[in-house]
Amino acid sequence: MTSSYNIIGLWQAWLNSGNLLLSAIAVLIYAIGVMIVIAIFSYMFGWAERKIIAKIQHRHGPTYVGKYGILQNLADLIKLLSKENIVPSNANLRLMQLSVIFILSASTFLVLILPFAHSLQVANFGTGLLIVFVFISFMPLAVFVGGVSSGNKFGHISAQRSVLMLLSYELPMVLVVAAAAMLSGSFNIQQVVLTQASRGYFALLMPIGFVIFFIAMLAEFERPPFDIREADSELISGWLTDFSSPYYALVLFIDYTRMFLGSLLVAIIFLGGWSGPVLPGPVWLIFKATLVALFTIIIRATTVRMRIDRMLRLGWMWLLPLSLINLILTYIIFVA
Amino acid sequence: MEFGIRNGKVMVIMVTRINIGPVHPSTHGVLRLVADIEGDTVENVEAHIGMLHRGVEKLVETRKYLQSHPYMEKLDYVSPLAYDETYVSAVEAALGVDVKERAQYVRVIELELQRVASHLLFLGTMCNDIGQMFTMFMWTFEDRDMVLRLLEQATGERMFYVNMRLGGVNLDLPKDFEENCIAFINREEKRIREYEHYLESNPVFMERMKGVGILNRDDAVELGVTGPVLRASGVQYDVRKNNPYYVYDRLNFEMQTEHKGDNFARYKVRMLEIKESLRLIKNALRMIPEGDAIGMPVKLILPAAKNREVMVRREVPRGELMMYMIADPQSPYRLSIRSPNFVNLSALEYVARGCKTADLFAILGSLDMVMGCVDK
């Protein structure tokens, strides 16, 4: 235990040394570590999703490759990478690639700037929450670009839906985040977690906000019942229809990365982040994020998909007024 | 891009013509739809069929009477037994053969089991089409597999039974069939209640089903749709009731109708029919007489046909199936099949106009098509 804390201390010393080279090395080491965590989480989440959904559907799921089929996703990945990349003649390959890469880099960057523990954060921005949600708001636009540039008509419809969805859940989500910031008195993410350690989890302090944020998270990261953009039974795969082998593998990885980001955000803003007894902070954070992620798997297996116009109605008729009420109640009860 | 008038203003309307299928997750086989979509609204949809056309009606003409069962079964591969039975009854009518008393009960039991299996498949694919990927599908397939196992016990085959013979059946029900069947029915009744509870307490499901794809009573009659689709629009028409065959008039069962004519009504009618069929099977098992159910031996040369022109109508799971046959002595001169799937599919264009893209597939699922029967 002590030695690990010493390593973190050394890392922090490098990070805050003022020497550009040492700081860059420290950031790089941290980034590599975060990428490894993302990769492991994505892999295990992909496997768990297949296994849990299989159990719910009275199937076995993957069984042959490795113990309990744990290597199945690796086999799939190798298969996807070894196949030919087919680009439709009227697609704009550069833009398609760019959209995927933008989403991947944005979500990885956001995971990078989230605090895994009090001392484990690469840069403690004063406006951390705002930065996170600015980047998240750009993701549907990347989906739009990807859908339109794929030259597929299903992609076009998906791209239109993407913008409509942005209208429906973005505002409520930001209002809930505003309430969270009001409670903690700061946009600093560290401060949000520390406030929860002293005042109690925000999920308990503002349950309405928690539910709204969770719904918006599902919608943001294309999880059912809000997988309207890539509705498999309607639009084949929506904006992903013409992404073939290696890019499709990348897109699957992005899906899980975004899922990780979403669960981390829920865990940090509402479930107390890294705070918890006995175990070290990062373990608590990843444990909470995993619980949130597993819950989304169960939702995926049991509910039907929403329709885009109903999604808008849900957003404007329910989520927006409720998020305003949440904001006002939070102000009246806890701040004023 | 074209110009049009919306709400009194001249606007640019972007209409995308989009080709859906034949390779698409929700077209139930090889249906191809060409849809004009404005934004997310379906302006017009056209069904292009014929990709599974095998010329069954012509094939039948070149064969003796009893060589054609397997072709009939492959028309609707979800309820093959019903089609086999309809064809055999047409031949029976032409030859003037009476069906034995016990065989009538056996046929009714098997037909109703087939109806349950078919409606269970509908429930699964319907939920797939509205986006609950494969959970309900796997559950109902599990149940359907139990029906298929029962039918396998009774007929010796799992999918394509060819169990009908002139005047009776090929294999009588086995000894332990009743016991197994009752056990299945008791289990299934509970499961169906569970499914209903699970689906109908889900607000998203209700939102996707209620008030979507409305086909009102007059239009339903006008379009000539049949079966559960017709009954969901509030028309009291079921061949088993209106024109009873076999022992249906002696068995106690209700015709199930709904009146809204939307997706939910079509789903509900089928759920009610599953329950009713299970009750009917129980009833028939209680009333089935002892005796012989085996039909005439299978021979190529049969007694020559007496009636020149026959028509039979049967309530198969997807609606009213009619077979019109002009009979030569040893083979059909002409067989015409009025497929319920075909007429139900023709209603899609009407029902789906003006709905959302997502609902197009929900409506398609609720009409419950089997392309093998549409294309013949």
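Reply: Start with B:R250 and B:E101. They form a salt bridge, with the closest N and O atoms 2.8 Å apart. The term means a side-chain nitrogen of Lys or Arg within 4 Å of a carboxyl oxygen of Asp or Glu. This pair links distant parts of the chain, 149 residues apart. B:R250 sits in the loop between α10 (239–242) and α11 (263–287) of chain B, and B:E101 in helix α4 of chain B. Helices (H or I, at least four residues) and strands (E, at least two) are DSSP runs, numbered from the N terminus. B:R250 is partly exposed, at 44% relative accessible area. B:E101 also counts as partly exposed, at 38%. The scale runs as follows: buried is under 20% relative accessible area, exposed is over 50%, and partly exposed is in between (1.4 Å probe, protein chains only).

A word on conventions. This is a predicted model, in which local features need pLDDT of at least 70 and side-chain atom pairs count only at pLDDT 80 or more, while totals for chains, interfaces and linings use all residues. Residues are numbered from 1 along each chain as its sequence is written, chains are lettered from A and ligands numbered from 1 in the order in which they are written, and side-chain values use heavy atoms, leaving out hydrogens and water.

Back to the charges. Side chains of opposite charge can pair when their charged atoms come close. Over all chains, the structure has 41 salt bridges. One of them joins B:E92 and B:R107, at 2.8 Å from N to O. B:E92 lies in helix α3 (residues 80–95) of chain B and B:R107 in helix α4 (residues 101–129) of chain B, so this bridge ties together parts 15 residues apart in sequence. Both B:E92 and B:R107 are buried.

B:R313 pairs with B:E320, and their closest N and O atoms are 2.9 Å apart.

Now the interface. Contact here means heavy atoms within 4.5 Å. 23 residues of chain A are in contact with 34 residues of chain B. The two chains bury about 2,600 Å² between them, 57% of it on carbon and sulfur atoms. Buried area is the accessible area (1.4 Å probe) that two parts lose on being put together, summed over both. In chain A, A:S233, A:V304 and A:R307 lose the most area to chain B, together 24% of what that side buries.

Two salt bridges run between chain A and chain B. One of them pairs the side chains of A:R310 and B:E207, at 3.9 Å from N to O. Four elements of chain A give two or more residues to the side that touches chain B: α6 (153–184), α10 (232–235), α12 (281–302) and α13 (308–335). α6(A) supplies the largest share, five residues. By type, the residues on this side of chain A divide into eight nonpolar, six polar and nine charged. Ala, Val, Leu, Ile, Met, Phe, Trp, Tyr, Cys and Pro count as nonpolar, Asp, Glu, Lys and Arg as charged, and the others, Gly among them, as polar.

Next, A:I86. It lies in the loop between α3 (72–81) and α4 (93–113) of chain A. A:I86 is exposed, with a relative accessible area of 54%. Leaving aside neighbours within four places in sequence, A:I86 is in contact with A:D242 and A:S244. The C-alpha atoms of A:I86 and A:F243 are separated by 7.9 Å, although the two are 157 residues apart along the chain.

Last, the cysteines. A disulfide is a pair of cysteine sulfur atoms within 2.5 Å. By this rule there are zero disulfides over all chains. For B:C127, the nearest cysteine sulfur is that of B:C355, 18 Å away. That is too far for a bond. B:C127 is buried, at 1% relative accessible area, and B:C355 also counts as buried, at 10%.
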